[in-house]
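Trainee: Please take one close look at the charged pairs in this chain. Then show me what packs around them.

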Amino acid sequence: MTYQIVDKVNGRIEQSVQTLRMLRDSAILFESPQVESFLERKKSFAGYDDLRLFSTPEEAKAWLEEAYPGVYMDTEMALKGETQLLFAPDQDAMIYCVSDTSDEDLAVIIGIKTQETLKKLLNNECFNGQGTSFAVTRDGQAITTPGRIDLYQELRELQTGHTSDENIALLEQMEADVHAGKSGTMLFEDIGAKGVMIRYESLDYSGWYIITIIPANIISMETESLSNYNLFLTAIVIFLLFISMLGLTISHQKNQKKLSQLAFCDELTGGMNDTSFRMTAQRYMKEQEGQYVLVSMDIQDFKMINQVYGTQEGNRTLRYVYRTLLSQLRSDEPMARNCGDVFFFLLKNRDKTTICTRLLKIYEAVNKFNQELKEPYYLELYFGIYQPESGDEALADMQEKANIARKHKKGDDRYRYNFYDEEVQKRNIREKELMGMVDYSLRNGDFLIYLQPKVQLENNRIAGAEALIRWKHPELGMLSPAMFIPSAERYRLISQLDLFVFEEVCRTLARWKAEGRELLPISVNLSRQNMDTPNFLDDYRKLCKKYDVNPNLIEFELTETILFEDPQGIKCFIDEMHASGFQCSLDDFGTGFSALGLLNDLDVDAIKLDQSFFRGKNDTRRGRYIVESILRLAAQLHIRTVAEGIDELRQVEYLRQAACDMIQGFYFFKPMPVEEFEAAAYEDQHLRTLAPPQQNAGSGESQELSAAWNPSTEKNIILFSYFLDEDKVVFSVPFSPVLKNQTTIQNATALFRSSDLIHKNDRTDFFRAVERCRRERVWVESTLRFYLTDGRYEWLETHLHLHKNTCAAMGGETITGILVDMAGWKSELNRWKEKANRDALTGLYNREFFEHYVRLKLRSEELNTAALIFIDVDDFKQANDTLGHAFGDDILCCMAKRILGVFRQTDIAARYGGDEFVVFVPSVGREILETRLQQLCEAFQQPYRNGSLIYQISGSVGAALFPDDGKDYKTLLEHADEALYEAKNRGKGRYMLYGQFPYPKENGEQ
C-alpha cells in the first residue's frame, strides 16, 4: 500500500513541477511589468495559491526568508536546475522552487500550495481505514498535519512507560535510515495498545518520506484467523488437503488481482491507467512495428464543465467519453485516460486520410447525444497524432510528441487535429531561440525604424508616413517584419516592439522640430495585445510629453480584424485615443466581414484600403465598384482614405479618378531608413511636392481643361439651376475646368451624360436622382464625383430639389441643386472637432469634454489616485457689473492662464461655466495636492493689471480625492463643490479639501 501512495504522490509532484517549468519558460519571455499579471491569470489554472518569478536564486531566497521565516532555499541547487520542495509549518504551505539550466536564464519560479492536496492523496483507504499515512521531512517534521509536529517526538510520547531498549533502538534505527535516504519496516510492540508496524518510503524530491503506521493487531488478527482456519481444516479432514490448497491458490489469485487493479486501473473510468497503457502500447508497437500511430486527445475548455456544473458532472462526462472511445476502437487498439481530460490511444493504421476519417467518427460518436437536445452542447475534441518510426522509442517520448502536435492544433472544423512534424518542431525551437534575442537586441540597438511616405493625390505632396520596424540581427542580418512579427505576437513580445517604434517616432519628430523641418503625421501599428494591459496608453502619453511631441502628429493603426472581438471596448479605446490627442485609422480595411458597418460605429480618422483590392481576382470592374462605394461612404463620413500597396501607374490613375485621398506604395516610395526618408521627402526643410505621374494618351482633353482652370475660383459650396424644359444649367461659379470658365451651359444633358464633369461611373446615379426628384418631389441627396483639377475627381455631396416655375415667361420645371465640396470641408471639420472641445473665450477645454475625459479616466483600472478641483472667482459678478463684460472676460482669461501655470501638461483644466473652472489631476497624493492648491491660491492673489488699471482678484478652491472621497465623477464633483463653498464661508481666497472640516489652518496665513 505504501508503494502505491509513494508512486501517486511522486506523480502528482512531478506534474506540478512540469507545470511550473512551462510557466517559467513562458514568463521569462514577458516584459517585467507583464509578468505579474500573467502569473496571476495562470495560478488558479495551474492549481497554485501564489506564483512568483525571480531573476536570480538569490532574489528568490531573500523573498522566501522574508515571507516564510525559517524556510531556506539552497541557491546552489537552484543554479544546477534542481527542483526543491520546502515546507512552511507555520503557514501550512508547500513551496515548489523550480529553475532550469537549459536556457541559460537564472530565473526561479516559486509556486505555493497548501498541504491539502497532498493530504487528500494520503487519505485513501489504508487497511480498511485503520492505518494512517504521513508525509514528513527528513528531520521528522510532519507535512500533512497542521502546525509543527515532530513525528519522532510523537512516537516517543506514545510509549507506554515500559519502553524496551529494543524499541528505542528501532526508533533510532528508523531515524538513521530516514536521514540516510533508506526505506524500511519497523514493528514497535510497546507503542499503542497492541503495538504498531511502521513502513517508511522515500519520495523523489527533497528527501521527503511517506510513513504509514498500521496497528499490529490488524496484521496478527488476519494471520491468526488464517492459522486457526488451516488447523481446523487439517484436524477435520486430511483428505480435503488438496481442496484447501486449491482454495488458498484461488484466494492468492484474488489478492493478486486486487493488487493488479490498484496498480494498473484508472479509478475514475475503471479502464487501464497510464502505467498499464504504456506497458501495453509499447508491447504492441514492438510486436507490430510500423503499423500503429499514437493519438493524444483532450476536450476543449473541459475546466468550464467542472466550474459550471460541478466536479461530479465533469467525472460523469469523462466516463462517458471513455466508454464512447472504447466502442470506437478495436480490441488491439489500447486506450487509457492519462490525467484530467487527456486520453491516449493507438490506431492501427498509418494512412492519414483513414486516420482523419476515424477521428471524425469518434467526434461524431462523442457528440451523438446532441441529436435529442433542443439546445445542443458540443464537446469540442482536439487530437494530436504521432507516427513513430521505430517501436523501440520510449512511449513517454511518443506521448510528449503527440501532446505537442495536439497543442499546435489547426483547422476550423469542430474537431481539430494535427500530425506531429519534426521539421515544425525544429522551427518552433528556432523560433524560441529567435524570440530569446528580442530583449538583447532592443538593448543593443539592433531594431530600426523605416518610414514609407504617403502621397496626397490632390496635389502630389508628401503628407504623411508610416513607421515600420526592421531587425538587424547580429547573426542573421536584416530581417523583414514577416520573419519575426508573427512570432513576437505568439510569444507576447509585440507590445515591447510597438512601444519601441512609438518612441523612435517621437524621437525623430522632436529632432525634426528642433531642426526647423516641416512636420508631418506618422502612423504606427498598435497590436491587439496592448489592449490586455490596462492604461497602456499612459506610457505613450508620457513619451509624447518626454519628447514634447504633439500627439496629433501620431496616428495609431488598428487592424480591422481585432475590432470584431470586443467592438464596444475598442470604441471606448478609440475615444480615449482622441481624448489624448492621438489620431486613429483602420488598417487592412476590407479584409474583415463587417467593414462598412464599422465605419458607422467607430469614430476613426482614416481607413487604409488593403492592397488585395487592387490585385488578382479583385482587380476587376466589380472590384472597382466596391472600392468606389467604400470611398463614397468614407467621404460622406469625412474619413480620410489611404490606398496601400500601390505599385503601378494604372492604379494611381484609377485612385485619382475614384477620389482616394492618399496613396502609399512602391510606385512612389518604398520603406526606407530615416536618413533616406529625409533626403527623399524634404526640400529646404519643407515637404516635397512630386511631379504628377505621366497621364495616358487619351487624357489630353483633361490636361487642356486643367491648364485652363483657375484654382482661385474653387468654392466649397456650388449652387446650380437645371432648367429641364430648356435643357440648360446655370452654376453659381465655374467650379470645374470642364466648364471653361462659363457658368451657363446649353445642352445640359450632354454635359452631365457625356463630358468629364461627372465621373463615368456616377452619371447614371445623377440622372436617377434627377428622376426621383421629379417623381417624388422631395429633396434627394447623393454623393457623386465631379472633375475639379489636375485630372482629379472629388466627392461632392449633391442635393437636388424640384422647383415648379409659376412665372409664365420661364415655365416648366427646374431642378435646384447644391454641391458641397467635402474635401474642402475636411480640414475645416478637423478644426471644428478641436474647437468643439475648447471653450471659445479662455481656450481651456469645455465642460462636455472635461466630463467625458474624467469619466473615462475614472473607469481605468490602474488609476490609483487622482484629484478633482473646483475653482470659483471671488466676487466676479461685482467686477463684471462695475467694470463691464469685456473687463470680466479678460479676468477669466487671466485666471485661466494662472491655472495652466500651476498644473502639469497631463492635468486637464476646463471652464465649467461662467466664472467656474475645474481641473482633473491624475496620480497625485494628498501632500502634493495641497502644495499645488497653495500655489494656486497664491497665484490668484496677484493683482490683475490692464494698462494703468490694477484690480485685486482672488479665487476659492475646493478639492476631492479619488478614491477616498468618491469613485465616480458625480460624487467627486459634488464633494469638491462642497469643499469650495466651505472655503468661501471661511473668508474666500483659500482652498479646502473635502472631509477636513473644520480645516486645521487658514490657507495663506502664517
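Mentor: Glu648 is partly exposed, because its relative accessible area is 33%. The cut-offs are these: buried is under 20% relative accessible area, exposed is over 50%, and partly exposed lies in between, with a 1.4 Å probe and protein chains only. This is a predicted model with residues numbered from 1 along each chain as its sequence is written, and local features need pLDDT of at least 70. Side-chain atom pairs count only at pLDDT 80 or more, while totals for chains, interfaces and linings use all residues, and side-chain values use heavy atoms, leaving out hydrogens and water.

Glu648 has a charged partner. It meets Arg650 in a salt bridge, 2.7 Å from N to O. The term covers a side-chain nitrogen of Lys or Arg within 4 Å of a carboxyl oxygen of Asp or Glu. Arg650 is also partly exposed, at 44% relative accessible area.

Helices here are DSSP runs of H or I with at least four residues, strands are runs of E with at least two, and both are numbered from the N terminus. Ala659 follows α23 and has a positive phi, near 70°.

Now the count. The rule gives 50 salt bridges. One of them joins Glu555 to Lys454, with the closest N and O atoms 3.7 Å apart. This pair links distant parts of the chain: Glu555 is in strand β18 (residues 554-559), Lys454 is in strand β14 (residues 447-456), and 101 residues separate them. Both Glu555 and Lys454 are buried.

Another salt bridge pairs Arg763 with Asp756, and here the closest N and O atoms are 4.0 Å apart. Arg763 counts as buried, because its relative accessibility is 15%. Shared partners also build a network of salt bridges: Lys454, Glu466, Glu555, Glu557, Lys608, Arg640 and Glu644 belong to one network.

Leaving aside residues up to four places away in sequence, Glu644 touches Asp587, Asp588, Lys608, Leu609, Asp610, Gln611, Phe614 and Gln664. A contact means heavy atoms within 4.5 Å.

Charges also meet rings. The charged end of Arg283 sits over the ring of Tyr284, 5.5 Å from its centre. Arg517 lies over the face of Tyr682, at 4.9 Å from the ring centre. The test asks for NZ of Lys or CZ of Arg within 6 Å of the ring centre and within 35 degrees of the ring normal.

Next, ring against ring. The structure holds 35 aromatic pairs. One of them is Phe502 with Phe556, stacked at 5.8 Å centre to centre and 15° between the planes. Phe502 is in helix α18 (residues 494-515) and Phe556 is in strand β18, so this pair ties together parts 54 residues apart in sequence. Phe502 is buried, at 0% relative accessible area. Phe556 counts as buried too, at 0% relative accessibility.

Phe735 and Phe786 give an edge-to-face pair, 6.1 Å centre to centre and 65° between the planes. Phe735 lies in the loop between β27 (728-731) and β28 (744-746), Phe786 lies in strand β29 (residues 780-789), and so the pair ties together parts 51 residues apart in sequence. Both Phe735 and Phe786 are buried. For reference, rings of Phe, Tyr and Trp (its six-membered ring) pair if their centres lie within 6.5 Å; planes under 30 degrees apart are stacked, over 60 edge-to-face, and the rest tilted. Ring pairs also link Phe502, Phe536, Tyr540, Phe556, Phe573 and Phe582 into a cluster.

Last, the whole chain. It comes to 33 helices and 38 strands. Of its 1006 residues, 49% are buried. Among contacts with a separation of 6 or more, 62% are between residues 24 or more positions apart.
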